[in-house]
Amino acid sequence: MKRRTLQYSRFLALLLVFALMVGVVSAQGDRKVLVDAGNAVGASDVPTLDPSLATDTSSIQVLIETNPGLTRINEVTLETEPSMATWTVSDDGLVYTFSIMPEVPWVKYNAETDAVEQVLDENGNVRYVTAEDFAYGIRRSIGGQLGSYYGGIMASWVVNGDAVYAGELPVEELGVEVLDTYTLQITASKPAAFLSTIFGMWQAYAQPAWVIEEYGDFWYEPESFQGYGPFTLKEWIHGESITIIKNPFWPGTENIPVPALDEVKMMVLEASAALANFEAGAADVSIVPLSDIDRIQADPVLSEAYYVGPGSCTYIYGINTAKPPLDDARVRQALSMSINRQALIDNVTKGGQQPAFFFARPSLAAAPHQEDYPEYVLGEDVEVARELLQSYLDERGITLDQMEPITLAHNESEGHARIAQAIQQMWTEALGITVEIQTQEWAVYLETIKSDDAPQVFRYGWCLDYPDAHNFLFDVFDSQVRELGINWNNEDAAEFDSLVEQAMVEPDMQTRTDLYAQAENLLTNKDAAIIPIYYYTSLNLTQPWVQRTHSQFGQEYFEKWDIDLSARP
Amino acid sequence: MGAFIVRRMLQMLLVLFVISLFTFVVMRAVPGGPFSSEKSLPPRTLAQLEAKYNLDEPLVMQYIHYIGDIAIPHITENRLENSVLNDYLINIYIPVVDRTFRWMNFGPSYKSVSQTVNSIIKDTLPVSATLGIGALLVALVIGVPAGIIAALNRNSRWDYIAMGVSIVGVSIPVIVLGPVLRYVFGVQLKWLPPTGWGGIEHIIMPAFALGFAESARLARLTRASLLQVLNEDYIRTARAKGLAERVVVGLHALKNAMLPVVTTIGPLFAFLITGSFVAELVFGIPGLGKFFVTSITNRDYPVIMGTTLLLGFLVIVANLIVDVVYVWLDPRIKYD
């Protein structure tokens, strides 16, 4: 027994020495392979590459490169621009006719030859992306009974969409028509300013019917995956990485150029593990761990690589307006006005976030900018906050000690906890109130805040699906779809509904913005049913040899990136 | 002995059944569901998903279906529809009837939509097992000799050094040791890749991070156990009959002193090969460990059940092996 242990240890020691000597050198040659650490796909496996089922940013990041939509969002201006198609809209705003770029082939990565190949049909002809492929994708998302979330979103905007989604009408009745090989017509159920964006989202991407029929639930694994965009799927090691490879058959367009990169390897990594790779030179781009921001900013090399840009989410505190003392707008306003947002950002969140007084992010189409509507901004003023609270107490004839206690709830997370503690302290110092902090596990928390019995104050965040103010103000707070337990049901809430519903169909951009500004006024100022806190930023690190664009909405367009191989060590 | 093993295997089935029932009840009693998110699914979308995964049935039926899919063998067509709902662990072609015998379908993952519990475990268990065996080797190679040296040189400088180091080892969790190793050897010295999986160079740091704390525990256990054995009468007898100290310690004392160590190694082995959440996050390893945690936060019911049953199975088997090893270590132990 003892001798065997010794032999083992000698063997292991040899093995260790050998491995240490070998070290690690990754030779890329002169191919441009970009390694992204945790920035593109985050810290857990990409859930799916089925355009009908994708709901999360990492799935969409891959799909946006492999299967571009009819339209797509410019990553810098956030405007909707032609992608696989150009389009015209009928005068009544209902009929969208898309002219699809001809002769873009379906492609597939062949692992044996290590090359991307064109897909051939049963007669040996090249398969081109057609209007039929887009129609198939849309019909599958809406009528496939797959439980497609975004299929459900789109269903509301297409003629007969809701009935087809529910299985009450056959999928042929859907307002999607193939006029010829490269022309697709979608008939909307109601006009809206942002329909060209919705029809360009992933649930409406072209899908390969012949692959899906053969491979079923597993069709988008690398063995069978087919795409047509600037990149296609090369490798997917579940939970470790996903790699896309340049599609040499992509013709290149003004908006979607032929990629300069040969491959993009997106590594699934937790933030501090990603940073370690970046610092070791093993990654070209990395996500930023919040705990390291101070060090990165102080470091001469890392601070050069550090980038802070607009994110895609807003951080707010929702208020249950049915629970005293928050059933009075003055108390809610007092809470909102006594948060020092800039101090919170400088000392707690540290990611260069922007103080928020409106809910809809300013980068969204039709979103009002808070500096353009100062009369609608509640602002910060501790003196006024104290007066508001005092007038409330006087009216009830009670003292501060007799006021009901306030509970502030957030889901378990170190970041949310620190923010809550800072705000708790600000409220205590400014108003003298005591606030109890409550935490819950994520899934439990979601049920809590979506019930009418939600805590008095609760943390919430919302990220864009498509860059229009509608996606924030209507999709979260219109009473038809509202889930948050803010119990906001007074006359102002009814007026808010009518404003955002009017803005939905209003064609003129400035008028829409004005309508949304009035809606923000009711939600965040007059009634203060929510307390906007900050607009998220997106943080990343990029090595100096990478030329890139910085996306403002959560996904990157790698076909616009390049690597200077001569500058890479 | 054979009868003993058979009896224990039957007991194992019963234990696994109880584990499955208990886990099922507890996980379904917790609020929240697999499709909860900031953006709630509209009721019509939720209904489609619940129908797809049979979540619209009464709970009792869901449990019966779940156990049925695992326990009851099916004879089916040779080619099944490519669906995450019918991925069986065991598929045996029966030529006589030209059909396929299929057994043990642990269900789909609700979160990774193209994955099943079987495919997740097939992908990740080999990774975690490789790392776990590496960590166990580190633990044994450092821990047992350190314990022996400490015991034989009791209250000497060597004893203090070995036990001092082991106190440090027990006190430093993987979440601290891992990033330190990664920073020193991966970022600063660049001797090893900071994260990743694939080659022997990827195993060294995580295996050491995981194994070091265990080695410290084993060292303390080995020391204590060996010291106790060295005071036994039969050791005095062995010495009295003039055996060399090497034989006394190596043959008589050590073998008996290993009993408690082996007892610990059994379950330790089961836990190590099923992966470590922290080590996998720190070193970017696509292992099974993170599924034990993420499946719960995601309410990914089949993955929760699958990982729990797998761990239960491995702990029971490891304990069974330990019991068998006892017989070899200590001839006084007999199973009838």
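**View 1. The contact between chain A and chain B.** The contact draws 55 residues from chain A and 53 residues from chain B. Two residues are in contact if their C-beta atoms, placed from the backbone, lie within 7 Å. On the side of chain A that touches chain B, the elements giving two or more residues are α1 (2-22), α4 (149-155), α8 (271-279), α15 (442-449) and β18 (457-463) of chain A. α1(A) gives the most to this side, with 10 residues. Helices (H or I, at least four residues) and strands (E, at least two) are DSSP runs, numbered from the N terminus. By class, this side of chain A has 30 nonpolar, 14 polar and 11 charged residues. Ala, Val, Leu, Ile, Met, Phe, Trp, Tyr, Cys and Pro count as nonpolar, Asp, Glu, Lys and Arg as charged, and the others, Gly among them, as polar.

This is a predicted model: local features need pLDDT of at least 70, side-chain atom pairs count only at pLDDT 80 or more, and totals for chains, interfaces and linings use all residues. Residues are numbered from 1 along each chain as its sequence is written, while chains are lettered from A and ligands numbered from 1 in the order in which they are written.

**View 2. The nonpolar cores.** The largest nonpolar core has 231 residues. A:Leu473 and A:Tyr516 have the most contacts inside it. Helix α7 (residues 200-230) of chain B gives the most to this core, with 16 residues. A second, separate core of 13 residues includes B:Ile70, B:Phe106, B:Val117 and B:Leu310. A nonpolar core is a set of buried Ala, Val, Leu, Ile, Met, Phe, Trp, Tyr and Cys residues joined through C-beta atoms within 7 Å. A residue is buried if 20 or more other C-beta atoms lie within 10 Å of its own, with C-beta atoms placed from the backbone. Beyond its neighbours within four places in sequence, A:Tyr516 is in contact with residues including A:Ala360, A:Pro368, A:Leu473 and A:Ala503.

**View 3. Helix α16 of chain A.** This helix spans residues 470-477 and is mostly covered, with eight of its eight residues buried. Among them are A:His470, A:Asn471, A:Leu473 and A:Asp475. The cover includes β18, α17 (491-505) and α18 (509-526) of chain A.

**View 4. Helix α11 of chain A.** Seven of the nine residues of this helix (residues 329-337) are buried, so it is largely enclosed by the rest of the structure. A:Arg332, A:Gln333 and A:Met337 are among the buried residues. They are covered by elements including β14 (306-319), α13 (382-396), α14 (414-431) and β19 (530-542) of chain A.

**View 5. A:Phe231 and its surroundings.** A:Phe231 is found in strand β10 (residues 231-237) of chain A. It counts as buried because it has 26 C-beta neighbours inside 10 Å. Not counting residues up to four places away in sequence, A:Phe231 touches residues including A:Glu65, A:Ile244, A:Lys246, A:Pro259 and A:Phe558. The C-alpha atoms of A:Phe231 and A:Val107 are separated by 9.4 Å, though the two residues are 124 residues apart along the chain.

**View 6. Helices α11 and α12 of chain B.** Helix α11 (residues 289-297) and helix α12 (residues 301-329) of chain B pack at an angle of about 145°, with their axes 8 Å apart. Axes are lines fitted to C-alpha atoms, for helices over the stretch in contact, and angles run from 0 to 180 degrees between N-to-C directions. B:Phe291, B:Phe292, B:Ser295 and B:Ile296 in α11(B) meet B:Val303, B:Ile304 and B:Thr307 in α12(B). By class, this contact has five nonpolar, two polar and no charged residues.

Conventions. A residue is buried if 20 or more other C-beta atoms lie within 10 Å of its own, exposed if 12 or fewer, and partly exposed in between; C-beta atoms are placed from the backbone.
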